[in-house]
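Please look over the sequence and the model before reading on.

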Amino acid sequence: MTAIEIIESVVIGVAAISLLAYVLINGIKNKWFGKILATIEEAIKEAEKLYPESGSGDKKKDYVIKKIEDKCNELGIPYALLKTVICKAIDKIVANYNVIAK
């Protein structure tokens, strides 16, 4: 690697870390995580009422994801950066709910 490539890599790395720190600090300061989790739980309950038939898990998940995306846009949260974490949170909450419901 040349000196210019090393400098570019360092600048990109610092920018990525800065963006991550900004999102985390704002998330903690503005209580985004609690709001997102509350919205996930509320949207899951709504989806259960809208799609009560068995085998409609994909419709329910799409409904919940749409609600979360709307909430993120409302709060100014970068949804694209958190999509994977949000999907995992949804799956975990649904799995826990299914264990309790059975």
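In which helix do Glu 74 and Lys 71 lie, and how many residues apart are they? Both belong to helix H3, where they are 3 residues apart, about one turn of the helix; helices here are DSSP runs of H or I with at least four residues, and strands are runs of E with at least two, numbered from the N terminus. The model is a predicted one, in which local features need pLDDT of at least 70 and side-chain atom pairs count only at pLDDT 80 or more, while totals for chains, interfaces and linings use all residues. Residues are numbered from 1 along each chain as its sequence is written, and side-chain values use heavy atoms, with hydrogens and water left out.

**Salt bridges**

Side chains of opposite charge can pair when their charged atoms come close. With a salt bridge taken as a side-chain nitrogen of Lys or Arg within 4 Å of a carboxyl oxygen of Asp or Glu, the count comes to 5 salt bridges.

| Pair | Closest N and O atoms |
|---|---|
| Glu 46 and Lys 67 | 3.7 Å |
| Lys 61 and Asp 91 | 3.0 Å |
| Glu 74 and Lys 71 | 3.6 Å |

Glu 46 forms a salt bridge with Lys 67. Because Glu 46 lies in helix H2 (residues 32-50) and Lys 67 in helix H3 (residues 57-75), this pair ties together parts that are 21 residues apart in sequence. Glu 46 is partly exposed at a relative accessible area of 25%, and Lys 67 is partly exposed at 33%, where buried means under 20%, exposed over 50% and partly exposed in between (1.4 Å probe, protein chains only).

Lys 61 forms a salt bridge with Asp 91. Lys 61 lies in helix H3 and Asp 91 in helix H4 (residues 79-101), so the pair ties together parts that are 30 residues apart in sequence. Lys 61 is partly exposed at 27% relative accessibility, as is Asp 91 at 39%.

In the pair within helix H3, Glu 74 counts as exposed at 59% relative accessibility, whereas Lys 71 is partly exposed at 23%.

**The pocket lining**

Lys 61 and Asp 91 are also among the residues that line the largest pocket, as are Ile 44, Val 64 and Asn 98. A pocket is an open set of points on a 1 Å grid over the protein atoms alone where a 1.4 Å probe fits, with protein on both sides within 12 Å along at least five of seven lines, and lining residues have an atom within 4 Å of a point. The elements that give two or more residues to this lining are H2, H3 and H4.
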